[in-house]
Structure formats: C-alpha cells, structure tokens
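Hello,

Here is the structure we talked about. Please open it first, then read my notes below.

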Amino acid sequence: MWPLAITGRSLVTALGTGTNSLREALRARRGGLAPCGFPGAPDGIWVGAVQGLEGAAPPPALAGFDCRNNRLAELALRADGFEAAVAEARARHGADRVAVIVGTSTAGIEETERAHARRAPGETALPADFDYARTHDLQALANYLRARLGLAGPALVVSTACTSGARAIMQAATLIAGGLADAAVTGGVDSLCRLTLNGFNALELLSPGPTRPCAGDRDGISIGEAAGLLLLERPSDARPGAPLLLGAGASSDGHHMSSPHPDGLGAVGAMRAALAAAGFTPAEIGYVNLHGTGTRANDAMEDRAVHHVFGDAVPCSSTKGWIGHTLGASGAVEAILATLAIEDGLIPGCLGIEAPDPAFQARVATANTPAALKRVMSNSFGFGGSNCSLILGA
Amino acid sequence: MRPLRCFVGGLSVLGPGLPGWSASEPVLAGLAPWSFAEAAAPPPALLGPAERRRAGATVRFALAAALEATEGEDRAAIETVFASANGDGAVIGAMMAAMHEPGGAISPTQFHNSVHNAAAGYWHIAAGSTAPSLSLGGHDGAFAAGLLAAMSSVAAGAKPILLCAYDAPMPPPFDAVRRTDFAFAAAMVLRVRPEGARAELELAYREGAAPFAPSEGLDALAEGNAAARALPLLRALAGRRAAVLRLPYLDDAHLELRVAPC
C-alpha cells in the first residue's frame, strides 16, 4: 500500500495563501500569529487568522455552502495549482475514481454561531435561510470540495479532533489500497469559531501571547485556522520526484478524554506503527515535526514519547509558533510543511524560544538548521486519545 | 472495480422496539412482531465511575451497541470505526446556548465531550484499547460511510474492525433544521476470517442515488435516524438470507451490498 505520491498540495494559513507563504516565513522565522479580534472570543489571546476570506465566496451554483470553513477550502482550491492538479487526475482516472477524504473538527459551525447571533431578541428558532446540511454538518466540507471539483467518487469526513487532517490522509491511502479510488483529495480544513476558542479557554489551555511550544515556561496554545489539501495517487501516476507519503500509523490512548497518557504510550504506538508501515528504522528519519501544541502536558508527553522512539539522535521541533494550532487541519498542514522542509533542506527550529525546556530529553531544535532531509515524521494527537503519525519523503 | 469483501461477526442493534441484538433478532427476521418503544441505553459498565458520570446519553447508546457486538472478542485489540451524522447534538446545543447567553460559560467537560470522536474516546478507555480508531460524519449517509471505511480498512489491514453507527435527536433549535426522531445505534464486527461468521458481505460503490424504496413499519425507522439506515442489512443478517441491498450514501451515489449467509 505504501508509498503514495503527492501529486498536488495546497496551503492556506495565517501566513497567507499558497505553500510559498509558509516556505518563506519558515526561512525568515517570521510568525503569523496576532492578537485575537474574533467576535465572541475570550479576551487576551492570540490566534492565527486567515486573511482574504471575504473574497473567497463559493461560485453562485454552490452558494448554499457559503461559510467560513468552505471559504477556507475555496482559497486552498485556488492556490498552488491545486484545482488544475485535480482536473488532471480526474481526466486520468475518471471522476468516479477520485475520492474526497478530508478532516475537520468543527466544519461550518461558525455559520451556526452567526445564525444564533442574528436572531431577533426573544426568537429561539434559527433563521429560515440557515443551511445546516451544507455548512454546520461535518459532511458539508467533503460535499463542497466534491461538487466544486466535479468529482463523483466516495466522500468521507473524518473528525477525530486534532488528528482529523492526518487521519483523513491515512484513510485516503487505505481507500486507494482497497481499490475504491485511484486518487484522493485529502487533508484538513478547520476554521476559527467561538466554540473552539471558548472551549480551549474553559480548559485553561490558551496562551496569553503567541504560543511557544517546547519552552520551559510555555503557557499554552494559540488557535489557528487553515486549509491543507493534498492529492494522493499511486507513484506510477506521478511525475518523477513528486513528494511521497511513505507510511502512516494510528493509535488510541484509551486513557483520558482530554489529557494525554503521561508517558505518551499512544503517541509511541502511532510513531512505531508509522515506521513499521513505511519500513524504516527511527535512525532513517531526519526530522520529527512535533504535534507540539505549547501546553504543559502535551509537550512534556511528546518529549518523552519521541525520546523513547528516537533517543536524542533525531532533531525535532514544533512549527505551531508560526501558524498556531490549526486543530483538524494541523495534521494536513504539517504534512505539507514536512514536504517543504525536505525540498528546502531545512529543519525549522521552534519559534520564539531560545532553548528548550531543560527537562526535555529529545533533541529539540530552536534555530533553523540546514539539513539534507530524506524522510520526515509528522505527529498529530487529539482529544478522545486519538494519535496519528505520518512519514513524508522525497 | 473489484468489490470489497469481509465477513460479519458479532452484531448489535439498539433502537425503538429493538433492545439489543439477541432480543431483536426474531423481530428483525420477521418472526416476531415489532412495535415502537423507545430503547434505553444502560450505563456503560466497562467505564470507571468518573468517565461513566461524564459520558452523555448519546455516548451510552454507542457504547452499549459496541459492547454487545464485541461479546467474545478481544476488545482491547480491535480497531474501531465510529460513524455518526450529528455527533453529540445535546452537548453542542448546550454549548451554543451557553455562549449566546450574557455571561454564559461552557464547561471543560462539555468541551471535551463535544469532539466528534467522544464516543470512540470513551470506548477505547472502556475497552482499555490502544488500537487505531476512526470517527466519521456523513449526514444521512453516515452508516454507508462507516461501512465503506471499515470494509476498506479490513481489506487493507486484514485486522477485524468494530463498526458502530449511532445518532440521537438534536435539541432545540437544531431539531428544526436537522430531523432525528429517536436514538439508534448499530454495531458489527467485520473481519477477513470466515470462522464463526454469520455472513459474507461484498460492497461496491455505485454512481447514482439509491432507487427509492417505499418503506413502512420497521424499515420506516430509516427516515428518522441516519444510523437506522443499517436496518435492511441487519434484517438480512437476522433472517440469514441472501440479499442484494442498495444502501443510500451520497446524493448521487449508493453502495451495492451483497449479503451471503455463511
């Protein structure tokens, strides 16, 4: 089943639209987080908000899908030649042989929040023009992409909290292996909303400044929004030199709904499963892009888990200091980031910190380091004890 | 396209007039009469007291079905696919209401219960399982989505998969925009090995909407809950009869399902 080729990829983050915006910001060590101006958000937090959504309305025939999440998806379709890459795959295999398998934690729930807010005083019913199925419903994301791209294959929406994007990519590979599709549009899209911002605030997990993963005095998450889309096909359908998805592994913690297992047993399981799937030893991985949310618990757990698997031999870092924690999109965004790191020969050190937590044992990079990378692991962990690791290569 | 194949092992159903597989099998097989009576989900016995207190009614439904379908299985080893159109609508609704009240606050427990993979999270805690798990949406086609994902995972990984589809009614004001009339859960263990299996399934993805099939009585439940779209399959399995089913999936696609009793 492995490897698969990445024949298209597209990114939208707080740093801008298109993979080059992230590529340049990584090189320049310029972050995209800013003080939060999102209506109804908790006071005194920073977020990674995407610019340009006002110009990303769906085409008129798909107007019913209009919501913040689908606008993020729309921006991603227009960037990086993604739409054209999908059109080529559709011509190559047939529209019914291209699946859409994407992840999101909250889909278009921000549209529901607007619908609540625009009710007249005393009115309990939602406005008559509120389109639940094409905005709030999780499936809205896949249905929008599928309609917008003229595809007719299977469509799945994965929602496993903060592993959604990575888990969708893994399931897309599974579907191709099972013979249900020859290509898959996959990845994740997640947008800022009151529910997420206030929910993480209720858990006291939000940083008052830009998040600083792996710092000894790290103080929480900065939430971001993003779209990361990939087109997966068998290597025989790709041009030589296309980036590769070498393997993937998943696990559950079976421990607690919102706290990771302290020793990262689930994280270790996902990383080892990904290595086994790809057929590589830990020493053959050149860099680990951490889940690295910037919370006390996640980063400490992940340090132990990464050290357990890789010792202190393999450099690792979190790139959430640039774009925030983009939740259900993060696994897809960071998988694409991993392919950029390989192409640019760059290990991006954690942003905004001088030295890692002195208690950490893994080899945490805090400065940009040139490196000839062949294989990069990308980690995602989420509430409900969901874990997923991907291995990207060239 | 070659169809996906697997064998069906343990089963469960929990819905109106269908209080668990063993009690419902004669009803599903058409050997005993069916009448509408809301089902109740027992408190999840495998969970510790703290988690049992936190798990809501929707999660209890999913867990009860998962528990019955995995009777005799090594629960800690089995991978899972959970499929639900609405997730925990009661939790989302309560959070939405709280956020739009002056001074309203949401609780940490509500927030972690609001993730779509909450049922999966509680199940893996209950089962002491670190096996991989997938949680899917799918609107009205959530059961079909879950079956397609689970059968492709069985085909790719050769390991047994627990599929659990569940949904519950939404609270106001969502009930007016998303109809779900009652709680329903269906669960089944899917595997490559035929030993002890009830039937073999063959699945093919087909373009075009499923042909409209007028339904009444038990089959009409499918209109009131996305997970109840499992009923035609459950009835064929209970009756141990060969069948070709066309399972609605997307607006313009369905699954062709061939059931062959073992």
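A polar contact here is a pair of N or O atoms within 3.5 Å; within protein, one must be able to donate a hydrogen and the other to accept it. Bear in mind that this is a predicted model.

**Asp190(A)**

Start with Asp190(A), in strand 7 (residues 183-190) of chain A. By the rule above, its side chain makes a polar contact with the side chain of Thr104(A), at 2.9 Å. Another polar contact joins the side chains of Asp190(A) and Ser105(A), at 2.6 Å.

Is Asp190(A) buried or exposed? It is buried, yet it has no salt bridge. The nearest side chain of opposite charge belongs to Arg68(A), 10 Å away. Beyond four places in sequence, Asp190(A) touches residues including Asn69(A), Leu72(A), Glu225(A), Thr326(A) and Gly328(A).

**Where chain B meets chain A**

Here, 54 residues of chain B are in contact with 59 residues of chain A. Together the two chains bury about 4600 Å², 68% of it on carbon and sulfur atoms.

How many salt bridges cross the interface of chain B and chain A? The rule finds 1. Asp252(B) pairs with Arg146(A), and their closest N and O atoms are 2.9 Å apart.

Several elements of chain B give two or more residues to the side that touches chain A, among them helix 4 (89-99), helix 7 (142-157) and strand 8 (243-250). Helix 7 of chain B gives the most, with 6 residues. That side of chain B divides into 30 nonpolar, 18 polar and 6 charged residues.

Best wishes

Conventions. Residues numbered from 1 in each chain as written. Chains lettered and ligands numbered in written order. Predicted model: local features only at pLDDT ≥ 70, side-chain atom pairs only at ≥ 80, totals over all residues. Heavy atoms only, no water. Helix = DSSP H or I, 4+ residues; strand = E, 2+ residues; numbered from the N terminus. Buried < 20%, exposed > 50% of the residue type's maximum accessible area, 1.4 Å probe, protein only. Lys, Arg positive; Asp, Glu negative; His and termini not counted. Salt bridge = Lys/Arg side-chain N within 4 Å of Asp/Glu carboxyl O. Contact = heavy atoms within 4.5 Å. Buried area = accessible area lost by both parts, 1.4 Å probe. Nonpolar A, V, L, I, M, F, W, Y, C, P; charged D, E, K, R; others polar.
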